[in-house]
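Please look over the sequence and the model before reading on.

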Amino acid sequence: MTENYAWPEPRKRVKGRQQKAVAQVLKAKYDAGASIRALAAESGRSYGYVHRTLTEAGTALRTFGGKQRTAR
């Protein structure tokens, strides 16, 4: 379902069922490993929109950066 998803037009308000569908697709792709920035670029939406939508969908967001180094 998520590979060929037809994103809503950029700069157009998304609401109702369409918003729920967008949230489900974003959540599925994020949970599969996509970054918020990659999802924003793919969907034509802002970083803030994607972040807010994921948060509202109950997604557990990952922390910044890669693997942390341990002290020696």
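The questions and answers below go from the overall fold to single residues and then to a pocket.

Reader: On what basis are the residues numbered and the values computed?
Author: This is a predicted model, in which local features need pLDDT of at least 70 and side-chain atom pairs count only at pLDDT 80 or more, while totals for chains, interfaces and linings use all residues. Side-chain values use heavy atoms, with hydrogens and water left out, and residues are numbered along each chain as its sequence is written, starting from 1.

Reader: Which pattern does the protein follow along the sequence?
Author: Helices (H or I, at least four residues) and strands (E, at least two) are DSSP runs, numbered from the N terminus. The protein has three helices and zero strands. Read along the sequence, the pattern is α-α-α.

Reader: What share of the residues in the protein is buried?
Author: A residue is buried under 20% relative accessible area, exposed over 50%, and partly exposed in between, with a 1.4 Å probe and protein chains only. The protein has 72 residues, and the buried ones make up 29%.

Reader: Against which helices do the buried residues of helix 1 pack?
Author: Gln19, Val22, Ala23, Val25, Leu26, Lys29 and Tyr30 are buried in helix 1. They lie on the same side of helix 1, because they cover an arc of only 165° around the axis, the arc being that of the directions from the helix axis to the C-beta atoms. Arg17, Lys20 and Gln24 are exposed on the other side. With contact taken as heavy atoms within 4.5 Å, the buried residues pack against helix 2 (36–43) and helix 3 (47–56).

Reader: Why do the buried residues of helix 2 line one face, and which exposed residues are turned away from that side?
Author: The buried residues of helix 2 are Ile36, Leu39, Ala40 and Ser43. Seen down the axis, these residues fall within an arc of 100°, so they line one face of helix 2. An α-helix has 3.6 residues a turn, so residues three or four places apart point the same way. The face turned away from the buried side of helix 2 carries the exposed residues Arg37 and Ala41.

Reader: Against which helices do the buried residues of helix 3 pack?
Author: Helix 3 has the buried residues Tyr49, Val50, Thr53 and Leu54. They are on the same side of helix 3, because their arc around the axis is only 125°. These buried residues pack against helix 1 and helix 2.

Reader: Which residue with a positive phi follows helix 3?
Author: Just after helix 1, Gly33 has a positive phi of about 120°. Just after helix 2, Gly44 has a positive phi of about 75°. Helix 3 is followed by a residue whose phi is positive, near 80°, namely Gly58.

Reader: Is Thr59 buried or exposed?
Author: Thr59 lies in the segment after helix 3. Not counting residues up to four places away in sequence, Thr59 touches Lys27, Tyr30, Asp31 and Leu54. Because its relative accessibility is 9%, Thr59 counts as buried.

Reader: What distance separates the C-alpha atoms of Gln24 and Thr53?
Author: Gln24 belongs to helix 1 and counts as exposed because its relative accessibility is 54%. Gln24 and Thr53 are 29 residues apart along the chain, and their C-alpha atoms are separated by 9.3 Å.

Reader: How much space lies in the largest pocket?
Author: On a 1 Å grid over the protein atoms alone, a pocket is an open set of points where a 1.4 Å probe fits, with protein on both sides within 12 Å along at least five of seven lines, and lining residues have an atom within 4 Å of a point. Among the lining residues are Tyr30, Tyr47, His51 and Phe64, and the elements giving two or more residues to the lining are helix 2 and helix 3. Grid points are joined across faces, edges and corners, and a volume is the space filled by probe spheres set on the points. The largest pocket holds about 230 Å³.
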